[in-house]
Each structure stands twice: as C-alpha cells, then as structure tokens.
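Have the viewer open as you read.

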Amino acid sequence: MLNAALSQLLQPIFRTFDTILLILALLINLPIILFTLIRNPKLPSNFLLLFNTLQPLPLGSKIFTYLISLVAPYSGSLNATCLTLTSKSCTVECKETSYLKNPFNSMHACALTNLCELVTGLAMLSYFQSHPKRVRGIVTRISTTYKKKARGKITAYSMLWEEVEEDCVRVAKAVLKDEIGEVVAEGEIEWNIKVEERGGKKKN
Ligand SMILES: *[C@@H]1O[C@H](CO)[C@@H](O)[C@H](O)[C@H]1NC(C)=O
C-alpha cells in the first residue's frame with residue numbers, strides 16, 4: 001500500500017522525465033527521421049519501416065513507444081517497449097508498475113489482456129502492411145488464460161503462422177513470460193480479416 005501510494009505520488013515525476021527523454025530522442029534523431037521520410041514517404045504509416053528506422057537510433061525505442069500511445073492511447077497506457085518486430089512476429093516488454101496492478105500485488109488481468117492484444121496487434125498490422133494485397137482486420141474476440149501471477153518484467157511474444165490469401169477469421173496467439181521464463185498468461189485474439197486487391201475492387 002505504502003509502496004503504491006508512493007509510486008502514485010512519484011508518477012508525475014516519472015512522466016515528466018519520460019517526456020524530457022522523448023523530446024531529447026526526437027531532437028537527436030530528427031535529421032535521420034527526416035532523411036528517411038524524404039526517401040520513403042510511407043514511413044509514418046508503415047510500422048515495420050518505422051520500427052526498423054527507430055530501433056537502431058539512440059532512445060529510438062522511446063519514440064516507438066510514444067507512437068504506439070498516439071495511435072492507440074489505451075495500449076499506450078502499458079508503456080510497453082517493442083523489442084522485435086518483423087512482418088509476422090512481435091516481442092514487447094512491459095514492466096509491472098503501480099497503476100497496472102490489481103489488489104493482489106500482481107499485474108491486473110486486463111493489463112495482461114491488453115498486452116496480448118498489443119503484441120498480436122502489432123504483428124498483425126505489420127503483416128497487413130507488408131502484404132501485396134490490401135488487407136484490413138478487426139478484433140472480434142479475445143480470450144486470455146492466466147497461469148501464474150505476473151510480477152516484474154513481462155515479455156510478450158506473438159508469431160503468425162498462416163498466410164492470409166482471402167477474407168477469413170484468424171486467431172493470433174500471444175505468450176507472456178516473466179523474467180525467469182515462466183508463462184504467466186496466454187492470449188487468443190480472433191481477427192476478422194478482409195482482403196482486397198491493391199487499388200482494385202474487393203476480391204469476390
Ligand atoms: C516507461 O517505461 C520505461 C522503460 O521501461 C521507463 O524507463 C519509464 O520510467 C516508464 N514510464 C512510466 C511513466 O512509468
């Protein structure tokens with residue numbers, strides 16, 4: 001309790017420090033970001049390209065975390081760091097903080113579900129954006145199984161296995177592990193996916 005009260009009081013200080021780091025990150029990396037943007041104007045709308053551009057830069061992951069919170073403020077509340085992103089997979093890391101806790105001194109069930117949705121969502125969207133066709137999708141069902149109390153640093157991983165060729169329903173899976181590598185939760189996120197030819201009409 002004391003711990004939670006203290007960290008809630010200190011929250012604004014953490015946030016201010018975070019914002020200062022973010023502004024610093026944007027300032028140092030501005031030339032490279034602008035240069036990449038001129039060479040590839042698709043940069044702002046392509047997660048994979050954004051990730052690959054930002055990841056090697058100093059404090060680049062802070063900028064990516066910030067972009068997540070701009071695009072999806074609710075997911076952004078996790079303050080998760082994206083560690084890897086490919087056109088089919090994603091790993092994000094999230095630290096247990098006082099505002100993500102339940103009254104039982106571990107991470108709240110909904111925060112874990114939120115994390116499952118974030119990691120599968122990033123993998124899914126980067127898959128859609130790399131697809132030769134125009135692919136869109138929406139989440140239609142989420143189910144999370146909790147295996148163990150989630151404490152400390154939680155790493156979430158998602159990998160998509162099947163190619164999408166036409167309209168379909170797909171279940172993306174996420175696995176959440178703690179620092180000793182034990183599974184704390186598993187998520188299944190169902191997506192309703194629509195495929196259209198690029199620039200053309202919807203495929204029958
Ligand atoms: C967000 O996460 C980063 C990296 O784990 C951490 O340094 C920062 O303090 C966190 N911000 C808040 C507001 O908790």
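This is a predicted model: local features need pLDDT of at least 70, side-chain atom pairs count only at pLDDT 80 or more; totals for chains, interfaces and linings use all residues.

Let's start with helix α1 (residues 2–39) and helix α3 (residues 60–71), whose axes come within 9 Å and cross at roughly 115 degrees. Angles of 65 to 115 degrees count as roughly perpendicular, so α1 is roughly perpendicular to α3. The crossing of α1 and α3 is left-handed.

Which residues make the contact? The table has them, helix by helix.

| Helix | Residues in the contact |
|---|---|
| α1 | Leu-21, Leu-22, Ala-25, Leu-26, Asn-29 |
| α3 | Gly-60, Lys-62, Ile-63, Tyr-66 |

Sorted by type, the residues of the contact of α1 with α3 come out as 6 nonpolar, 2 polar and 1 charged.

Now for α3 itself. With 12 residues at 1.5 Å a residue, α3 should span 16 Å, and its end C-alpha atoms sit 17 Å apart, which agrees. Buried in α3 are Gly-60, Lys-62, Ile-63, Phe-64, Thr-65 and Ile-68. What do the buried residues of α3 pack against? They pack against α1, α2 (47–54), α4 (73–76) and β1 (81–85).

Over to the loop between β4 (153–159) and β5 (168–177), where you'll find Asp-167. Is Asp-167 buried, exposed or partly exposed? Asp-167 has 15 other C-beta atoms within 10 Å, so it is partly exposed. Leaving aside neighbours within four places in sequence, Asp-167 is in contact with Ile-193, Lys-194 and Val-195. Asp-167 and Val-135 are 32 residues apart in sequence, but 8.7 Å apart in space, C-alpha to C-alpha.

Technical notes:
Residues are numbered from 1 along each chain as its sequence is written. Axes are lines fitted to C-alpha atoms, for helices over the stretch in contact, and angles run from 0 to 180 degrees between N-to-C directions. Helices (H or I, at least four residues) and strands (E, at least two) are DSSP runs, numbered from the N terminus. Angles under 35 degrees count as roughly parallel, over 145 as roughly antiparallel, 65 to 115 as roughly perpendicular and the rest as oblique. A crossing is left-handed if the near helix is turned anticlockwise from the far one by less than a right angle, and right-handed if clockwise. Two residues are in contact if their C-beta atoms, placed from the backbone, lie within 7 Å. Ala, Val, Leu, Ile, Met, Phe, Trp, Tyr, Cys and Pro count as nonpolar, Asp, Glu, Lys and Arg as charged, and the others, Gly among them, as polar. The expected span of a helix is 1.5 Å times one less than its number of residues. A residue is buried if 20 or more other C-beta atoms lie within 10 Å of its own, exposed if 12 or fewer, and partly exposed in between; C-beta atoms are placed from the backbone.
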